[in-house]
Amino acid sequence: MKILIDAHKFGEKHEGTSTYLSGIYQSLMLLHPEWEYVFVGRHQKAMQGVFGQGPHVRYRLLKAKNRFWRMMVEMPQILRQENPDYAHFQYITPMGARAPYIVTTHDILFEEKRFRHFFPFTYRWLNGFLFRRSARKAKILCTVSAYSKEKIVQYYGKSPREIVVTPNAVKSNDPNNEFDQLVMERYGLDRFLLLVSRVEPRKNHLALYRSFVALGLKDKGYKLVLIGKNEWQSQEAKDFVAQHQSALVDAMVTIEDIDLAHLEAFYRCAEVFVYPSFAEGFGIPPLEAAIAQTKVVCSSATAMKDFDFFPYHIDPTDQDALDTAINEAINDEDYDLQGLKNVVRDKYQWTNSAQILAEAIKATPKQQ
C-alpha cells in the first residue's frame, strides 16, 4: 500500500490542516509501518522533523511557490510518477490528474446562508466550485465532525455512507513551570483571559471585548491575550475597541505569530480560555486549553455542540450568557481541571482517527 500525502504546509505558516496531517499520519505509520508513505512538500527538514525517516518513508520536493503551478503542473507530474494506491489532499485535489483520492474537507461553513456574510464573495465562489469538485472526485471523503458531515451531505449531495469522520485530536504536554514563568515575564502577564484564533468576524472577538469591559476586568487586574493572525475586523468591532481605550485596549496583548512551545505556555497560564465563535467545522482550541488544564468557556454553536462536557457551554449570540459564564468561570474554585482533561484526552485521540482512516482504506477498492 502506497499513500502519497500533500504536505506542502509543513515549514510554512502553521495551520490546523498541518496539525491534522501530523496527528493522523504519525499514528497511522505506527498502526501500519509496512505501508509506504510519500510526503510531498517544499521543506524536507520540516517534513522529516514531523514524520521521521525509515525504510517506508520518502519525501518528494516541490519547486514552485505558486499554488496554481503546484496543483496544475507539479502535483500531477508527481502523481503520474509515483502512481500511489491513494493520494491524500485537504479540500482541493490537483487539476488534470486522476488518482484514487483521499480528500479531507474540514468544513464548508461558507455554503450556509446564515454564515455567508463572514466570507468574501470570491472565496465562496471559487472554493464552492473547487471543494465540491474535489469532494465528488474523492474515493474516500473524510471530514472532522458530525456537523461537517451533515452539511457536506446537504450541500454537496454525498451519501452519509460515503463520508468518513476522522476527528481532530489533542496531545497532552508536560508543564514546564520555569519556561512558563519566563514567557509570562516577557509579556508582562499575570492574570489574563485567552483567545486563540484568527481575528475575523466569525470568531466573535467583539463579544469577548464586550464581556471584558462589562465585567470591569482591567480594574480587577486582568489582561486580554489574543493569539492569531489579524485577518479582518468588522467595523462594529473596530468602533467598540476605539471607544474603550482605557478599559480594553490598554489591557490587550495581541500576538499574530507564535511557536508551539510558547502557545502551550499561554494555554497553561491563562486564568480562563474563552472561545465565543459563531461557527466552526470542529473547533480545536478549547480542547487544547482543556488538555492544558485551564478553565474553558466555549460556544455551543455548530460543531462545538459536541463539546457539551464543558460546564460553561454557551450560545455565542447571547451576550449576557457569555458575561455570566466568564464571571462564574473566573470565580469557580471547584472547576474539575483534571476531570475535563481526562474527558478530552480519552475522547479525542489521533490513534482513533488513524484507525478509522485505515479501516476506510482497507475497505475501499483501489481502482480509480
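These legends accompany several close-up views of the predicted model shown above.

In this predicted model, local features need pLDDT of at least 70 and side-chain atom pairs count only at pLDDT 80 or more, while totals for chains, interfaces and linings use all residues. Residues are numbered from 1 along each chain as its sequence is written, and side-chain values use heavy atoms, with hydrogens and water left out.

**View 1. Strand β1 and its two partners.** Let's start with β1 (residues 2-6), where 5 of 5 residues are buried; buried means under 20% relative accessible area, exposed over 50% and partly exposed in between, with a 1.4 Å probe and protein chains only. Helices (H or I, at least four residues) and strands (E, at least two) are DSSP runs, numbered from the N terminus. Lys-2, Leu-4 and Asp-6 are buried on one side of β1, as are Ile-3 and Ile-5 on the other. A parallel pairing over 5 bridges joins β1 to β2 (residues 36-41), with Tyr-37 as the bridge partner of Ile-3. Two strands pair if DSSP finds at least two bridges between them.

**View 2. Tyr-25 and the nonpolar cores.** The largest nonpolar core has 94 residues, and Tyr-25 and Phe-39 have the most contacts inside it. Such a core is a set of buried Ala, Val, Leu, Ile, Met, Phe, Trp, Tyr and Cys residues joined through side-chain atoms within 4.5 Å. Beyond four places in sequence, the residues that Tyr-25 touches include Ile-3, Ile-5, Phe-39 and Leu-357; contact means heavy atoms within 4.5 Å. A second, separate core of 32 residues includes Leu-4, Ala-99, Ile-108 and Phe-131.

**View 3. Gln-90 in strand β4.** Gln-90 belongs to β4 (residues 86-90) and is buried, at a relative accessible area of 15%. A polar atom of the Gln-90 side chain lies 3.1 Å from the backbone oxygen of Thr-17, a polar contact being a pair of N or O atoms within 3.5 Å; within protein, one must be able to donate a hydrogen and the other to accept it, and residues adjacent in sequence count only if both atoms are side-chain atoms. Look also for Tyr-20, Leu-21, Thr-104 and His-106, which are among the residues that Gln-90 touches beyond four places in sequence.

**View 4. Ser-145 and Gly-281.** You will find Ser-145 in the loop between β6 (140-143) and α5 (146-156), where it counts as buried at 4% relative accessibility. The backbone oxygen of Gly-281 is 2.6 Å from a polar atom of the Ser-145 side chain. Leaving aside neighbours within four places in sequence, Ser-145 also contacts Val-165, Phe-282 and Ala-303 among others. The C-alpha atoms of Ser-145 and Gly-283 are separated by 9.6 Å, although these residues are 138 apart along the chain.

**View 5. Two loop residues with positive phi.** Neither residue here is a glycine: Asn-83 has a phi of about 45°, and Gln-293 one of about 60°. Asn-83 sits in the loop between α3 (67-82) and β4 and is exposed, with a relative accessible area of 56%. Gln-293 sits in the loop between α10 (285-291) and β12 (295-299) and is partly exposed, at 30%.
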